[in-house]
Amino acid sequence: MSPVRGQPPRPQLCQIISFQVGFLVAATISFAVLSFIGEPVGRSAIGIVPPLVRPYIVGSILLTALMLDLTDIAGKRQHALLSCKRQTPKRIAMDLGMHRAALAWGLDAGLGFTTYRMSTIYWVVALSALLSLAPWWIGAVYALGFLVPLAVAWLAGFAISGSSSPSRIAEICGARVRPARLLGAVVIGAIIGDYLSSMLGAF
């Protein structure tokens with residue numbers, strides 16, 4: 001949120017929308033490509049692995065992701081272990097202008113594997129797409145899980161501070177990394193719980 005700090009609400013809104021459009025497009029397309037590439041691989045793998053073993057493989061993937069996130073949180077790591085140690089360079093704001101830079105930033109962040117991640121959720125979703133365990137449009141769902149809270153934070157900031165600095169609330173939320181990462185771990189834990197519940201119900 002720092003690039004839009006101190007700007008009037010209208011330019012902030014335009015730049016945030018540009019970022020969100022870029023993120024949504026990049027995430028949707030990249031996961032769709034993974035799904036397309038992985039479809040024959042996923043079908044072959046699913047055909048080789050016995051049906052009774054498949055649920056345990058998926059459960060193991062989810063449990064590994066949860067353990068990695070909890071280890072990162074306990075070790076106070078700044079980002080997920082399985083993460084590219086890179087951020088979108090801020091100089092693009094000077095090279096491209098704020099609106100196009102926001103779009104480029106969203107495209108870069110939406111790809112997922114080109115910048116650092118705060119949770120292993122990205123890799124769980126990516127592997128699910130690659131192994132045909134999720135639909136091709138799962139990237140849009142992943143993107144909305146990131147973008148909706150961002151939009152809510154900006155709107156809350158606008159409602160509280162008006163024209164002074166509506167991005168401030170989003171910045172405060174962004175600075176609270178640990179609660180956000182705990183929430184990510186809770187989400188993975190909830191998925192595991194739901195998955196185990198469905199497994200037990202199948203027996």
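Helices in these legends are DSSP runs (H or I) of at least four residues, numbered from the N terminus. The model shown is predicted.

**Figure 1. Overview of the predicted, helical chain.** The protein contains 8 helices and 0 strands, so the order of elements from the N terminus on, under the DSSP assignment, is α-α-α-α-α-α-α-α. Of the 203 residues in the protein, 35% are buried. The protein exposes about 11700 Å², and 73% of this area is supplied by carbon and sulfur atoms. When contacts in the protein between residues at least 6 apart in sequence are considered, 77% of them join residues at least 24 apart.

**Figure 2. Close-up of the largest nonpolar core.** This core has 16 residues, and the members that touch the most other members are Phe19, Phe23, Ala27, Phe31, Ile138 and Tyr142. At least two core residues come from each of H1, H4, H5 and helix H6 (138-161). The greatest contribution to the core is that of H6, with 5 residues. Phenylalanine 19 is shown with its surroundings: not counting residues up to four places away in sequence, phenylalanine 19 touches Ala102, Leu103, Trp105, Gly106, Ala109, Phe146, Leu147 and Leu150.

Figure 3. The aromatic pairs in the model number 9. Within this set, phenylalanine 31 and tyrosine 122 make a tilted pair, with 5.5 Å from centre to centre and 55° between the planes. Phenylalanine 31 belongs to helix H1 and tyrosine 122 to helix H5 (residues 121-130), so this pair ties together parts that lie 91 residues apart in sequence. Phenylalanine 31 and tyrosine 122 are both buried. The two residues also belong to one aromatic cluster, which is formed by Phe19, Phe23, Phe31, Trp105, Tyr122, Trp123, Tyr142 and Phe146. Phe19, Phe23, Phe31 and Tyr142 of this cluster are also among the core residues that touch the most other members.

**Figure 4. Close-up of the nonpolar surface patch.** The patch covers about 980 Å² and is made by Leu13, Ile17, Val21, Val25, Ile29, Val33, Phe36, Ile37, Leu103, Leu107, Leu127 and Leu130. H1, helix H4 (98-111) and H5 each provide at least two of the patch residues. H1 accounts for the largest share, with 8 residues. Isoleucine 29, one of the patch residues, has its place in helix H1. Leu103, another member of the patch, is also touched by phenylalanine 19.

Figure 5. Serine 35 is located in helix H1, which spans residues 9-48. The relative accessibility of serine 35 is 11%, so this residue counts as buried, the cut-off being under 20%. Leaving aside residues up to four places away in sequence, serine 35 touches Ala129, Ala134 and Trp136. Ala129 is itself one of the buried residues of H5.

Figure 6. The buried residues of H5 are Tyr122, Val124, Val125, Ala126, Ser128 and Ala129. Leu127 and Leu130 take part in the nonpolar surface patch. Just after H5, serine 132 adopts a positive phi of about 60°. Threonine 64 is part of helix H2 (residues 54-74). With a relative accessible area of 45%, threonine 64 is partly exposed, whereas Val124 is buried.

Figure 7. Glycine 112 has a relative accessible area of 0% and is buried. Threonine 120 also counts as buried, at 3% relative accessibility. Not counting residues up to four places away in sequence, glycine 112 touches Arg117 and Tyr122; Tyr122 is the residue paired with phenylalanine 31. Glycine 112 and alanine 26 are separated by 86 residues in sequence and by 8.8 Å in space, C-alpha to C-alpha. For threonine 120 and leucine 62, which are 58 residues apart along the chain, the C-alpha atoms are separated by 9.5 Å.

Terms used
Residues numbered from 1 in each chain as written. Predicted model: local features only at pLDDT ≥ 70, side-chain atom pairs only at ≥ 80, totals over all residues. Heavy atoms only, no water. Buried < 20%, exposed > 50% of the residue type's maximum accessible area, 1.4 Å probe, protein only. Contact = heavy atoms within 4.5 Å. Phe/Tyr/Trp six-rings, centres within 6.5 Å; stacked < 30°, edge-to-face > 60°. Patch = residues over 30% accessible without salt bridge, like charges linked within 9 Å, V, L, I, M, F, W, Y side chains within 5 Å. Areas by Shrake-Rupley, 256 points an atom, 1.4 Å probe, with all protein chains shown as cover. Salt bridge = Lys/Arg side-chain N within 4 Å of Asp/Glu carboxyl O. Core = buried A, V, L, I, M, F, W, Y, C linked by side-chain atoms within 4.5 Å.
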